[in-house]
Amino acid sequence: MSSAPAPDPQSPQPAPGADKPRPKPRLVFDDPLDQQSSDDTDRGWGERPPAGGSAADLARFLDEKPPHHI
């Protein structure tokens, strides 16, 4: 028999790599106006991708019809 105490399974164990400091987030100094935003695209304005067929045209017409045309 060993005289060493048995390890307690309930004792908190440090997570592997917990002693390493987290890297700081990288700062980006790019010009944000050089990147395309979602508002610069048709999808950003709620447009549907082009679909062919008369059923798609009718659905678009009904979706975009002003309320006073009902």
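**Exercise 1.** Why are Glu-64 and Arg-60 separated by about one helical turn?

*Solution.* The model is predicted. Start with the helix: helix 1 covers residues 54-64. Glu-64 and Arg-60 are four residues apart in this helix, so about one helical turn separates them. Next, check the contact. Their side chains form a salt bridge, with an N to O distance of 3.1 Å. The cut-off for such a pair is 4 Å. In general, side chains of opposite charge can pair when their charged atoms come close. The count of salt bridges is one.

**Exercise 2.** Find how Arg-60 and Leu-58 are classed by accessibility.

*Solution.* Arg-60 has 43% relative accessibility, so Arg-60 counts as partly exposed. Leu-58 has 48%, so Leu-58 is partly exposed too.

**Exercise 3.** Which residues form a nonpolar patch on the surface?

*Solution.* The patch consists of Leu-58, Phe-61 and Leu-62. Leu-58 is part of helix 1.

**Exercise 4.** Describe the chain as a whole.

*Solution.* Count the elements: one helix and zero strands. Then look at burial: 0% of the 70 residues count as buried. Finally, take the surface. The chain exposes about 7500 Å². Carbon and sulfur atoms supply 57% of that area.

Conventions:
Residues numbered from 1 in each chain as written. Predicted model: local features only at pLDDT ≥ 70, side-chain atom pairs only at ≥ 80, totals over all residues. Heavy atoms only, no water. Helix = DSSP H or I, 4+ residues; strand = E, 2+ residues; numbered from the N terminus. Buried < 20%, exposed > 50% of the residue type's maximum accessible area, 1.4 Å probe, protein only. Patch = residues over 30% accessible without salt bridge, like charges linked within 9 Å, V, L, I, M, F, W, Y side chains within 5 Å. Areas by Shrake-Rupley, 256 points an atom, 1.4 Å probe, with all protein chains shown as cover.
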